[in-house]
Amino acid sequence: MLTLVAREFTVDVSADRAWDHLARVEQWTSWAKHIKRVTLEPSGPLTQTSAGAFRLAGGARSTFRMEIYEPPERWQWVGRFLTIHVHYDHRFEPVDSVHTRLIWTVAAEGPGSATLGRLFGAIYARNLDKAIPNLQAELRANV
């Protein structure tokens, strides 16, 4: 598997609060401006059977299904981008009672992961670098 994007950052809330906030994927449009709409089945907080779709700016659609679910420490979902499988890992590490380190990794496997995957990773990294400060600010404002 080829790692395309890796980001590690801290948010100013407990690990439980970070998990609860991020597990409401249908509300990600408030901080991830490249996401225009989220559809999640079942609706509500993430579960081990969650699957869904993101409608992205520009009209692209990205689907996913849960593949690892270990609350409150980690979830990973998988989706497709053309010929590759993309794995999105979300890890939550408590720093102290009011700070959490989030470690997000995007990796790809399958035909074209070295070429298409790198292109996908570059676009995803740019969107993520804009979204992370928005998420940090949103969590600070909701303390």
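A cavity is a set of grid points where a 1.4 Å probe fits but cannot get out. The close-up views below are taken from a predicted model.

Figure 1. Over the whole structure, a search finds one cavity of 30 Å³ or more. The largest cavity holds about 30 Å³ of space. Its lining is made up of Y88, D89, H90, W104, T105, V106, Y124 and L128. At least two residues of this lining come from each of β6, β7 and α2.

Figure 2. Is H90 buried or exposed? Its relative accessibility is 4%, and buried means under 20%, so H90 counts as buried. A polar atom of the H90 side chain lies 3.4 Å from the backbone oxygen of Y88. When residues up to four places away in sequence are not counted, H90 touches W28, E73, R74, W75, W77, I103 and W104.

**Figure 3. D89 and its polar contact with R74.** D89 also has its place in strand β6. With a relative accessible area of 8%, D89 is buried. Its side chain makes a polar contact with the side chain of R74, at 2.8 Å. Beyond residues up to four places away in sequence, D89 touches R74, W75, Q76, I103, W104 and T105.

**Figure 4. V95, a partly exposed residue of strand β6.** V95 lies in strand β6. Its relative accessible area is 41%; a residue is called buried under 20% and exposed over 50%, and V95 is therefore partly exposed. Leaving aside neighbours within four places in sequence, V95 is in contact with T100 and R101. The C-alpha atoms of V95 and Y124 are separated by 26 Å, and these two residues are 29 residues apart along the chain.

**Figure 5. The largest nonpolar core.** In soluble globular proteins, nonpolar side chains tend to be buried together. The largest nonpolar core of this model has 37 residues. Those with the most contacts inside this core are L22, W28, W75, W77 and W104. Two or more core residues are given by each of β1 (2-11), α1 (15-22), β2 (35-41), β4 (61-70), β5 (74-81), β6 (84-96), β7 (99-109) and α2 (116-141). Of these elements, α2 gives the most, with seven residues. Apart from neighbours within four places in sequence, W77 is in contact with V25, W28, L46, F54, F64, R65, M66, E67, V86, H87, Y88 and H90.

Figure 6. How far apart are the end C-alpha atoms of α2? They are 38 Å apart, which agrees with the 38 Å that its 26 residues should span at 1.5 Å a residue. The buried residues of α2 are G117, F120, G121, A125, L128, A131, I132, L135, Q136, E138 and L139. These buried residues pack against β1, α1, β5, β6 and β7.

**Figure 7. The largest pocket.** About 550 Å³ of space lies in the largest pocket. Its lining has 27 residues, of which H34, L56, S62, F120 and Y124 lie nearest its centre. The elements that give two or more residues to this lining are β3 (51-56), β4, β5, β6 and α2. The largest share, seven residues, comes from α2.

Definitions and conventions:
Residues numbered from 1 in each chain as written. Predicted model: local features only at pLDDT ≥ 70, side-chain atom pairs only at ≥ 80, totals over all residues. Heavy atoms only, no water. Core = buried A, V, L, I, M, F, W, Y, C linked by side-chain atoms within 4.5 Å. Buried < 20%, exposed > 50% of the residue type's maximum accessible area, 1.4 Å probe, protein only. Helix = DSSP H or I, 4+ residues; strand = E, 2+ residues; numbered from the N terminus. Contact = heavy atoms within 4.5 Å. Expected span 1.5 Å × (residues − 1). Polar contact = N/O pair within 3.5 Å; in protein donor to acceptor, adjacent residues only side chain to side chain. 1 Å grid on protein atoms, 1.4 Å probe; cavity = no way out; pocket = protein on both sides within 12 Å on 5 of 7 lines; lining within 4 Å. Points joined across faces, edges and corners; volume = space filled by probe spheres on them.
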